[in-house]
Amino acid sequence: MSLIQVLPVIMAGGSGTRLWPLSRAGFPKQFLVLSGNTSLFQQAAERLGALAAADIALAGPAIIGNEEHRFLVLDQLRETGQETSGVLLEPMGRNTAPALTLAALHALENGADPVLVVTPSDQTVTDGPAFTAALQQAIRQAAEGAIVILGITPDRAETGFGYIRTEADANGLGVAQFVEKPDAATAERYVAEGSYFWNSGMFVLRASVWIKALERFRPDIAAAARTAWVARSVDAKFIRPGKAEFAAVPSESVDYAVMERCPGSGIPLRMLALDAGWNDLGAWDAVWQVADKDADGNAAIGDAIFSDSHNTLVHATSRLVSVVGLSDVVVVETPDAILVSDRARSQEVKKIVAHLDAEKRGEQTLHRKVHRPWGWYDSVDSGERFQVKRIMVKPGATLSLQMHHHRAEHWIVVSGTAEITNGDKVLLLSENQSTYIPLGQTHRLANPGKVPLEIIEVQSGSYLGEDDIVRFEDTYGRS
């Protein structure tokens, strides 16, 4: 029995605008816990980590993401007990075809040619064993040179998914056509005909098969992506393609660049039906569908009370949310924004995000609680010339050596031990002790202990924006 080398590839660069206000550009939906006790990204990694078999040798996953989320990726992957084979950081979004090309070039290093198991990072699966069995079958087909797509048998006339039209042949199901998201009547016809499946966005193929197909159908993308790969830099687990070179790569999806061109081309394109309780959680209606519900069809995540309401989702993160007399509604509460939507129109939430972006507001980008490589901060109060933050620093973590031109800071240790550089002094403070950082003073906060450090920071001054910072030294490569 020959051993099949497999490299899982997790696409983790999306922004998840349709799940606002919980999903933000700085902390998108793949890193949120929306189903179960782990994030969608962690669930994807754990599913792929179960694919090893007697004939399948599994490498650590390659992650494709962006610079802003790089430490989120490493932290969340570490919690699953897995090690990555590399985090490929896109300098800017260029859609999925260039992203997959980077992963394929990474996989082909040193003469290898593994089978790539490519999956988005924002899906749920309720039947793990069925998922594993289907993907292992797909791996064995892909090892023989085929491109294998995972299709989902539709259980409703869904207009939010793309479809795959199949045709049976001696080898199972071939792919005859890819179809865009249909209108309601067309979706009803697809479900009735029985030869159409939802496109899950998961596919399996050898790295060399992808490169050859891309060079055939989109040689411009292949050449530009290869140029960016040659210009890459490597920093520990982070692999960064050349920024200027990657900016020149045409933006295109995997489906448009290659998959839709394969039928009739001679490239073997197969589809396997996946019956594993799949959902892509693309909008709040999908979250309601997979959530536990009461007798009236209501789903509560967080502290919620329903009265005379039906088929309604409440997602509360920081306070009690009560609803009366509502049907088919979504209510999502966060500390700085609340969404109320017709559940059937939850796909349109992205219009709200576009509006916020056009007005250059911050609610589409960051939560009140902002995660950083060293921990997080929560802006609990603010007013004219002051701001109060709650700050958590991970054990062993250190913030940058920095100063501010327009604000002074008071730090009070709530729990843990703080090592504080304050000008030319280094202080070790414990619970209930405090210090004052004058305007213009060079300072640094570190946690030398083995438990999280929490402090309350009170800022005061004429300007309190996050861009009033001069960094002199930084562990995380920020300027």
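This is a predicted model: local features need pLDDT of at least 70, side-chain atom pairs count only at pLDDT 80 or more; totals for chains, interfaces and linings use all residues.
At 10% relative accessibility, Asp-378 counts as buried, since the limit for that class is under 20% relative accessible area. Asp-378 forms a salt bridge with Arg-368, and the closest N and O atoms of the two are 2.7 Å apart. Asp-378 belongs to strand β22 (residues 375-383), whereas Arg-368 sits in the loop between α11 (349-358) and β21, so the pair ties together parts that are ten residues apart in sequence. Arg-368, with a relative accessibility of 29%, counts as partly exposed.

Six strands, in the order β21-β22-β23-β30-β25-β28, make up an open sheet with antiparallel pairing. Its edges are formed by β21 (369-372) and β28 (434-437); each has a single partner strand, so one side of each is left without a neighbour in the sheet. From one strand to the next, the twist averages 20°.

Strand β26 (residues 418-422) and strand β27 (residues 425-429) run antiparallel and are joined by five bridges. Glu-419 has Leu-428 in β27 as its bridge partner.

Over residues 361-474, the chain is 56% strand and 0% helix, and the end C-alpha atoms lie 28 Å apart.

A further sheet has another arrangement. Four strands in the order β15-β17-β19-β20 form an open sheet with mixed pairing. Here β15 (299-301) and β20 (337-342) are the edge strands, each pairing on one side only. Direction ignored, neighbouring strands of this sheet are turned by 5° against each other on average. Strand β17 (residues 313-316) and strand β19 (residues 329-334) run parallel and are joined by four bridges. His-315 has Val-332 in β19 as its bridge partner.

The largest nonpolar core has 85 residues, of which Ile-139, Leu-150, Val-204, Trp-284 and Leu-445 touch the most other members. Helix α4 (residues 128-142) gives the most to this core, contributing six residues. Leaving aside neighbours within four places in sequence, Ile-139 is in contact with Ile-4, Val-6, Leu-51, Ile-56, Val-115, Val-117 and Val-204. Apart from this core lies another, of 47 residues, and Met-11, Ala-97, Ile-221 and Cys-262 are among them.

Burial is also a feature of helix α1 (residues 40-48), which is mostly covered, with eight of its nine residues buried. These buried residues are Leu-40, Phe-41, Gln-42, Gln-43, Ala-44, Ala-45, Arg-47 and Leu-48. An α-helix has 3.6 residues a turn, so residues three or four places apart point the same way.

The remaining topic is the set of charged pairs to which Asp-378 and Arg-368 belong. In the whole structure, a search finds 26 salt bridges. One of them links the side chains of Asp-155 and Arg-156, with an N to O distance of 3.0 Å. Asp-155 counts as exposed because its relative accessibility is 60%, and the limit for that class is over 50%. Arg-156 has a relative accessible area of 26% and is partly exposed. Another salt bridge brings together the side chains of Arg-240 and Asp-235, at 3.7 Å from N to O. Asp-235 is partly exposed, with a relative accessible area of 41%. Arg-240 and Asp-235 also belong to a network of salt bridges that links them with Glu-67 and Arg-70.

Key
Residues are numbered from 1 along each chain as its sequence is written. Side-chain values use heavy atoms; hydrogens and water are left out. Two strands pair if DSSP finds at least two bridges between them. Helices (H or I, at least four residues) and strands (E, at least two) are DSSP runs, numbered from the N terminus. Axes are lines fitted to C-alpha atoms, for helices over the stretch in contact, and angles run from 0 to 180 degrees between N-to-C directions. A salt bridge is a side-chain nitrogen of Lys or Arg within 4 Å of a carboxyl oxygen of Asp or Glu. Buried means under 20% relative accessible area, exposed over 50%, partly exposed in between (1.4 Å probe, protein chains only). A nonpolar core is a set of buried Ala, Val, Leu, Ile, Met, Phe, Trp, Tyr and Cys residues joined through side-chain atoms within 4.5 Å. Contact means heavy atoms within 4.5 Å.
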